[in-house]
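User: I would like to go through this model by question and answer, with the cut-offs stated as they come up.

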Amino acid sequence: MANTLYNGPRCSIGLRDQCLGAPSVPRTAFRSLSFSSQFPALTIITLETGKQVQLSRMAALVKAESNFDQELNVDMSLSPRVNSVKPSKTVAISDQAAALALAGVPVIRLAAGEPDFDTPAVIAEAGINAIREGYTRYTPNAGTMELRKAICHKLKEENGLTYTPDQIVVSNGAKQSLVQAVLAVCSPGDEVIIPAPFWVSYPEMARLADATPVILPTQISNNFLLDPKHLQSRLTEKSRLLILCSPSNPTGSVYPKELLQEIAQIVAKHPRLLVVSDEIYEHIIYAPATHTSFASLPGMWDRTLTVNGFSKAFAMTGWRLGYIAGPKHFVSACGKLQSQFTSGASSISQKAGVAALGLGYAGGEAVATMVKAFRERRDFLVKSFREIDGIKISEPQGAFYLFADFSSYYGQEAEGFGKIEDSESLCRYLLDKAQVALVPGSAFGDDSCIRISYAESLTTLQAAVERIKKALAPLHSAALV
């Protein structure tokens, strides 16, 4: 009779008479031990008796020469919903520029949409006092009653919109308010209508909701404003949401009231169609342009979700504070989502928000001072780039971005770099040769353009323009061919 009945890996340690509750077996009975590492129970064959002894927990006491050391295979797959979402190019480029700056490269960063001003002192002091006074605990999920009442007052006085506090949800920034609005109203298969150029996150928000982004291109010759006839031609029974942003990121375009009224008349013909009106830049606007809230138009209050916040106008990007206003049915749904995501916004930031809304109509003198500086910077950039052959410009009427058409430079060979094929490669070229960080228009749905943020000092912008001109000079004559 063979000494072993299984040619598996041998146990590397001896076994005692008693093993974790196993029946007593004389030491002389063990001639060999064999097991498969795939199974927790071990079968021991006693050659004298032929009996089998099951040792269910022996794996904890023995170490195999092989098999036990095999690596486990881990399922590394991600959710299809996450895989459908593209990372933000503005964030990626801003991070890359910041890394270069930390490495000592003198990069001029004109990629991020962040005012270079400090938060006004009155607002900052309100936040500091909140900490000193121990106002550091959770707030109601929808925001403090104090802040929601202040928002209602602001919307009434500045926008002609009447809401009650239960029709307001305060969030950790306008971006959170936007994504919660999309998730709250869209079902799988619904269509989200997005005019292009668009803020980078709109299509990805639609995809997160398993909805389909439907992009409607606009033209620089028409100041990047949506053509109502084009909108009408693309609406279907699946159309659930239209996203409007005025003043616009990335173009700085402002929708005149007359054009919004035409759009509203089309929206009114489609019972399922709702509108998200992103008004985060409303106070950064240059006369004679004026801001109109879409919900203030006839018949639009019931189907509009108005999103706004404190980041841009009040230079409060790091405070993370925004809000949404609309019919209670929809806003409550946004609040339900927030209660499972983040709960209420920072108590300290909300105190600061109350102070911000207390600065006066449209932010008072503090905001007016910033807007004056933004306008001066805009005028400088518009004049400077109009002097460069081959660049087309639509003069911004609001926000702090210039969205300029550089497509005449595409197709050119740059010495030491290679071929400039599109907005992304041109931005890489300018980062490499001019050390200026800009955002390719492809991120916003228009590959012919590049977004230039002028939320930096005039001195910084002057230096950036000189660097860009110098980098484009070798391509200058080719661009005009």
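User: How many residues of strand S11 (residues 401-405) are buried?

Analyst: This is a predicted model, in which local features need pLDDT of at least 70 and side-chain atom pairs count only at pLDDT 80 or more, while totals for chains, interfaces and linings use all residues. Residues are numbered from 1 along each chain as its sequence is written, and side-chain values use heavy atoms, with hydrogens and water left out. Strands (E, at least two residues) and helices (H or I, at least four) are DSSP runs numbered from the N terminus; buried means under 20% relative accessible area, exposed over 50%, and partly exposed in between, with a 1.4 Å probe and protein chains only. By that cut-off S11 is mostly covered, the buried count being five of its five residues.

User: Which residues of S11 are buried on each side?

Analyst: Both faces of S11 are covered. One side holds Tyr-401, Phe-403 and Asp-405, and the other holds Leu-402 and Ala-404.

User: What is the strand order of the open sheet that contains S11?

Analyst: Two strands pair if DSSP finds at least two bridges between them. S11 and strand S16 (residues 449-453) pair in the antiparallel sense over five bridges, and two bridges join S15 to S16, also antiparallel. S11 and strand S15 (439-440) are the edge strands, each pairing on one side only. The order is S11-S16-S15.

User: Which residue of S16 stands opposite Ala-404?

Analyst: Ala-404 belongs to the S11 side that also holds Leu-402. Pro-440 stands opposite a residue of S16, Ile-450. The residue opposite Ala-404 is likewise Ile-450.

User: Why does the end-to-end distance of helix H4 (residues 145-159) agree with its length?

Analyst: The expected span is 1.5 Å times one less than the number of residues. H4 has 15 residues, so it should span 21 Å. Its end C-alpha atoms agree with this, being apart by 20 Å.

User: Which elements do the buried residues of H4 pack against?

Analyst: The buried residues include Leu-147, Ile-151 and Leu-155, and also Arg-148, Lys-154 and Glu-158. Contact here means heavy atoms within 4.5 Å. The partners are strand S4 (168-171), strand S9 (304-309), strand S10 (322-325) and helix H10 (347-357).

User: At what angle do the axes of helix H3 (residues 121-132) and H10 cross?

Analyst: Axes are lines fitted to C-alpha atoms, for helices over the stretch in contact, and angles run from 0 to 180 degrees between N-to-C directions. The two axes come within 8 Å. They cross at roughly 145°.
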